[in-house]
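Please look over the sequence and the model shown below.

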Amino acid sequence: MRLLIGVSGGIAAYKALETARLAVRAGHAVRVMQTPTSMRFVGKASFAAITGAPVLSSEFEQDPARGAYPGEPVPDRAPISHLALVERADVYLVAPASANTIAKLAAGAADNLVTTAALAASCPVVVAPAMNNRMYAHPATQGNLRTLEAHGVEVIPPGEGELASYGERGVGRLPEPEALLSVCETIAAHRRPAAGPAQDLAGVRVLVTAGGTREPIDSVRYIGNRSSGRMGLALAAAARARGAEVTLILANVSLPVPEGVRVVRVETANQLAAACAEEFPGCEVLLMAAAVADFRPSAPVEHKLKKTGPDAPNKVELEPTEDVLSVLADRRRPGQVLIGFAAEHGSGAAALGREKLERKRLDAIVVNDISRADIGFDAEENEVLIIARDGLQRHIPRAAKRAVAAEVLNQAQRLREPAQ
Ligand code: CTP
């Protein structure tokens with residue numbers, strides 16, 4: 001399991017260290033976040049050494065592991081949110097949970113990374129209180145714990161015995177690390193899958209193209225473009241999550257591919273055209289997000305060109321490639337929905353998009369303005385205008401590409417409906 005441990009202030013922080021050690025030993029991937037106070041008891045370096053991963057203590061600090069748990073590849077881009085760790089956790093254990101942290105959790109406060117993560121968690125949250133027995137018995141603390149339970153938080157009651165202050169005994173001891181880990185393991189094992197998105201595309205075959213083609217000049221050089229494939233990957237992931245059977249034609253994409261998706265890899269516009277010709281008849285929805293070269297070198301050479309000597313080029317002759325989308329539109333059968341993507345510059349983008357929609361005989365076109373550096377190419381976010389053949393025009397303000405993907409799929413579904 002991916003176990004996220006939030007450590008708050010208290011002598012018992014050393015038990016969180018031991019819990020982390022046991023969890024790592026049992027094969028779990030563990031990340032740790034600390035409140036500033038907890039660092040007075042156990043330092044970040046101890047948790048980092050035991051988990052083999054950086055420890056975070058502030059919402060404003062970059063995670064060097066970019067949201068990855070130990071054993072996972074570190075993504076090549078940092079997540080936008082400082083909540084990536086809790087978003088991906090199977091269980092979030094707050095241990096020890098001090099009286100102060102419990103009060104904040106009950107009130108829904110988010111004043112440090114540990115409390116913020118609890119508020120944002122969609123995974124089960126387990127809270128293990130540890131404090132002096134009078135603090136634990138106080139009606140305020142008891143009330144806060146009941147509130148947390150009412151919010152669906154699993155509270156592991158503290159044990160009775162010797163407390164941190166010399167000679168004191170009572171209820172307030174953090175349970176032993178074995179017990180904490182075992183509760184987390186049981187919860188992770190029985191965790192019901194989240195309700196997840198509606199399966200409104202169940203059984204629908206969706207073909208997505210993503211990335212950018214490369215047209216060889218010689219054996220090592222090519223004409224390419226800046227498309228990273230992120231938008232297409234987001235579309236594939238969103239369609240899959242809604243139950244679609246997804247085939248993803250990837251042109252030179254090095255990012256990880258969503259699970260459960262069939263992948264066909266291509267490099268050139270020609271190969272992409274051939275793969276589309278093969279896959280298109282079997283799909284109901286085509287999402288053509290790939291950036292396809294419009295021209296290719298007409299005589300690519302098989303060896304590497306030298307910069308001097310007889311074959312030193314002073315120009316590269318180009319010839320047009322096939323307009324893949326137009327060819328597919330010609331071959332469409334009733335009920336197939338074709339959505340194109342257009343990268344346009346500046347204020348005329350909408351008109352140019354509409355013209356492309358007509359010319360390529362599409363059902364909808366997703367237009368993005370590439371004059372902006374903060375969105376679009378190789379960015380996590382996009383801002384688009386979706387124009388449909390029936391006149392609907394929807395502006396999606398700047399949002400994560402997965403949110404844009406969700407709206408593109410909504411439109412695909414809407415355009416499919418009359419044919420069903
Ligand atoms: N497209 C395609 N085959 C090509 C070029 C583009 O299938 N040879 C598809 C793209 O995947 C995209 C849509 O057509 O979905 C629009 O691409 P774009 O490059 O904006 O359109 P072009 O027809 O190439 O027009 P422009 O002159 O603006 O480049």
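Helices (H or I, at least four residues) and strands (E, at least two) are DSSP runs, numbered from the N terminus. With that naming, P300 lies in the loop that runs between β14 (295–297) and β15 (318–320). The model is a predicted one, in which local features need pLDDT of at least 70, side-chain atom pairs count only at pLDDT 80 or more, and totals for chains, interfaces and linings use all residues. Residues are numbered from 1 along each chain as its sequence is written, and side-chain values use heavy atoms, with hydrogens and water left out.

Is P300 buried, exposed or partly exposed? Buried means under 20% relative accessible area, exposed means over 50%, and partly exposed is in between (1.4 Å probe, protein chains only). P300 counts as partly exposed because its relative accessibility is 41%. Contact means heavy atoms within 4.5 Å. Leaving aside residues up to four places away in sequence, P300 touches P216 and I217. V246 is 54 residues from P300 along the chain, and the C-alpha atoms of the two are separated by 34 Å.

Next come some points of backbone geometry. Most residues other than glycine have a negative phi, and most peptide bonds are trans. N252 is not a glycine, yet has a positive phi of about 60°. N252 sits in the loop between β11 (245–251) and β12 (262–266), and its relative accessibility of 22% is why N252 counts as partly exposed. R361 also is not a glycine and has a positive phi, of about 55°. The loop that holds R361 runs between α12 (349–359) and β17 (364–369). With a relative accessible area of 37%, R361 is partly exposed. The peptide bond that joins A95 and P96 is cis, with omega about -10°. P96 belongs to strand β3 (residues 91–97).

The helix pairs can be described by their axes. Axes are lines fitted to C-alpha atoms, for helices over the stretch in contact, and angles run from 0 to 180 degrees between N-to-C directions. Angles under 35 degrees count as roughly parallel, over 145 as roughly antiparallel, 65 to 115 as roughly perpendicular and the rest as oblique. A crossing is left-handed if the near helix is turned anticlockwise from the far one by less than a right angle, and right-handed if clockwise. For residue classes, Ala, Val, Leu, Ile, Met, Phe, Trp, Tyr, Cys and Pro count as nonpolar, Asp, Glu, Lys and Arg as charged, and the others, Gly among them, as polar.

Start with helix α1 (residues 13–25) and helix α8 (residues 177–189), whose axes come within 8 Å and cross at roughly 55°. α1 is therefore oblique to α8. The crossing of α1 with α8 is right-handed. On the α1 side, K15, E18, T19, L22 and A23 meet P177, E178, L180 and L181 of α8. By class, this contact of α1 with α8 has five nonpolar, one polar and three charged residues.

How do the axes of α1 and helix α2 (residues 44–51) cross, and within what distance do they come? They come within 9 Å and cross at roughly 15°, so α1 is roughly parallel to α2. This crossing of α1 and α2 is right-handed. A13, A16, L17, A20, R21 and V24 of α1 meet S46, F47, I50 and T51 of α2. The contact of α1 with α2 divides into seven nonpolar, two polar and one charged residues.

Another pair is helix α4 (residues 99–107) with helix α7 (residues 139–150), with axes that come within 9 Å and cross at roughly 45°. α4 is therefore oblique to α7. α4 and α7 form a left-handed crossing. From α4, the contact takes in A99, I102, A103, L105 and A106, and from α7 T141, N144, L145, T147 and L148.

Last comes the whole protein. There are 13 helices and 19 strands in the protein. Taken along the principal axes, its C-alpha atoms fill a box of roughly 90 × 60 × 40 Å. Of the 420 residues in the protein, 48% are buried. Among contacts with a separation of 6 or more, 65% are between residues 24 or more positions apart.
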